[in-house]
Amino acid sequence: MPLDPDRIREQFPALALEDDGQPRVYLDNPAGTQVPRRVLDRTHDYLVHMNANAGGVFRTSEATDALLEEAHRAVADLLNAASWREVVFGQNMTTLTFAFSRSLGRTLKPGDELILTRMDHDANVAPWLLLAEDLGLTVKWLPFDTTTYRYDLDALDGLLSERTRLAAVNYASNALGTINDVRAICEKVHAAGGLVYVDAVQYVPHGPTDVQALGCDFLVCSAYKFFGPHQGILWGREALLERLPAYKVRPASDALPFKFETGTLSHEGMAGTLGAVEYLAWVGATMAAEYHDAYRHFPERRRHVHAAMRAIAAYERTLSERLIAGLQAIPGLTIHGITDPACFGERVPTVSFTLDGHHPRDVARRLAGANIFVWDGDYYACEVVRHLGLHTRGGLVRVGPCHYNTVEEIDRLVAAVAALGEGRARP
Ligand SMILES: Cc1ncc(COP(=O)(O)O)c(C=O)c1O
């Protein structure tokens, strides 16, 4: 049975909210998604029944330890990690990347080389730039083609050398929507002896993530982008994490994943993240039977989550088709991203555009007036916006559907933008 939008939407209390009689249309999902009941229940249950610090010998602390381990196991299922010990929770992707770059930095020497890209969110750029500044590392830049909106992988060959230590790349762009061929990048970088750090923040909500199939070394994502609470997650290959020195307080455990999980984490957040994975498993169990066979060797929750993400990707493709066709029909509107339906397997439904004669902030404000939530500016993809030459013009407008959005919502958005294009006062 394919995804049933009504059953999905029933799970998300926020989707039923209206303001002054106008339903909310959440198309700001790349900046953060709404949460299903399972997340709310898990969070509430943790705070009422288990609230304690970890590592004690009494009931609530023992329950906390068990729940935190289960949260790690759930994320291992989501990412197809070989072990839950490879999953590190933290405040958010940015903070984890800053901390982790310092650990990696302890293994690097002046003149070692990092490869960064013009397509990445700054959270996968600035930590490495600052590390390079501190240690005297050399930074090389991988561009993207401004007509195909893909990395230039031939250019990557020219950037690699025997001094390459790390490439920091994204799985899906938060601005262009492109899904990148991370596996091919890993093969090239590994052949040169480097490691690959993948920002999967914008991919995980839209498709099955399999760190083993990708062959990457580290991968980061954020639970609040995949229907969970505000929290970041880092996955790393166990042998690498074991070897890397952690910035930690001395009494804290040296075991994985705890050596990288500094201080007291958001236990209620981790309970909520567990709930988000359980929600996805429910989607997989109830609405994605056709994909189960592809994952028959996975344990049950892992199988259901990965099947769910396949069903979600298929459903979202229908939203992408509707959205892109609708926007393309608006005079003066330019989509900055892949628009060929034959290539929609290479994009998530995040669509950024500019509209002649309209500043992106004004477009977003006018849509907000119709209770349609979209983002504008560079959304911290400052390299992308500069590379497109739009940094002095307010950047782009970003429309980011996810699996709980409907075709009707897409039509409402398109009609509102079209009305703006025609110069009407209110969409
Ligand atoms: C692609 C990408 N990477 C990284 C981040 C930063 O994530 P966090 O807010 O968890 O630090 C974002 C946030 O929007 C993002 O879209």
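In what order do the strands of the open sheet of seven strands stand, and with what kind of pairing? The order is E4-E10-E9-E8-E7-E5-E6, and the pairing is mixed. This is a predicted model, in which local features need pLDDT of at least 70 and side-chain atom pairs count only at pLDDT 80 or more, while totals for chains, interfaces and linings use all residues. Residues are numbered from 1 along each chain as its sequence is written.

Helices (H or I, at least four residues) and strands (E, at least two) are DSSP runs numbered from the N terminus, and two strands are said to pair if DSSP finds at least two bridges between them. E4 and strand E6 (138-142) stand at the edges of the seven-stranded sheet with a single partner strand each, so one side of each has no neighbour in the sheet. On average, neighbouring strands of this sheet are turned by 20° against each other, direction ignored; axes here are lines fitted to C-alpha atoms, for helices over the stretch in contact, and angles run from 0 to 180 degrees between N-to-C directions.

## Strands within the sheets

| Strand pair | Bridges | Sense |
|---|---|---|
| E4 and E10 | four bridges | antiparallel |
| E8 and E9 | three bridges | parallel |
| E9 and E10 | five bridges | antiparallel |
| E12 and E15 | three bridges | antiparallel |

Burial is judged by counting C-beta atoms placed from the backbone: a residue is buried if 20 or more others lie within 10 Å of its own, exposed if 12 or fewer, and partly exposed in between. Why is strand E9 (residues 218-222) described as largely enclosed by the rest of the structure? Five of its five residues are buried, so E9 is largely enclosed in this sense. Phe218, Val220 and Ser222 lie on one side of E9 and Leu219 and Cys221 on the other, and both faces are covered. In a regular strand, side chains alternate between the two faces of the sheet.

The bridge partner of Val87 in E10 is Trp235.

Thr209 lies in the loop between E8 and helix H8 (211-214), and it counts as buried because it has 25 C-beta neighbours inside 10 Å. Leaving aside residues up to four places away in sequence, Thr209 touches Leu78, Leu79, Ala200, Tyr203 and Val204, where contact means that the C-beta atoms, placed from the backbone, lie within 7 Å.

A further open sheet has four strands in the order E11-E12-E15-E14, with antiparallel pairing. Its edge strands are E11 (333-335) and E14 (375-377), each of which pairs on one side only, and the twist averages 30° from one strand to the next. Within this sheet, Ser352 has Arg398 in E15 as its bridge partner. Helix H12 (residues 360-369) lies across E12, E14 and E15, and runs at about 165° to E14.

## Domains and ligand

The domain assignment, which is automatic or taken from a database, gives domain 1 (5-35 + 310-420) and domain 2 (40-276). Their centres, taken over C-alpha atoms, are separated by 26 Å, and 30 residues of domain 1 are in contact with 31 residues of domain 2. On the side of domain 1 that touches domain 2, helix H11 (300-328), strand E12 (351-355), helix H13 (382-387) and strand E15 (396-399) each supply at least two residues; H13 gives the most, with five residues. That side has 17 nonpolar, seven polar and six charged residues, where Ala, Val, Leu, Ile, Met, Phe, Trp, Tyr, Cys and Pro count as nonpolar, Asp, Glu, Lys and Arg as charged, and the others, Gly among them, as polar.

Which residues come nearest to the ligand? Of the 15 residues around it, Asn92, Met93, Thr94, Asn174 and Ser222 come nearest, a residue being near a molecule or strand if its C-beta atom, placed from the backbone, lies within 6 Å of it. The shell around the ligand divides into five nonpolar, nine polar and one charged residue.

Terms used. Two residues are in contact if their C-beta atoms, placed from the backbone, lie within 7 Å.
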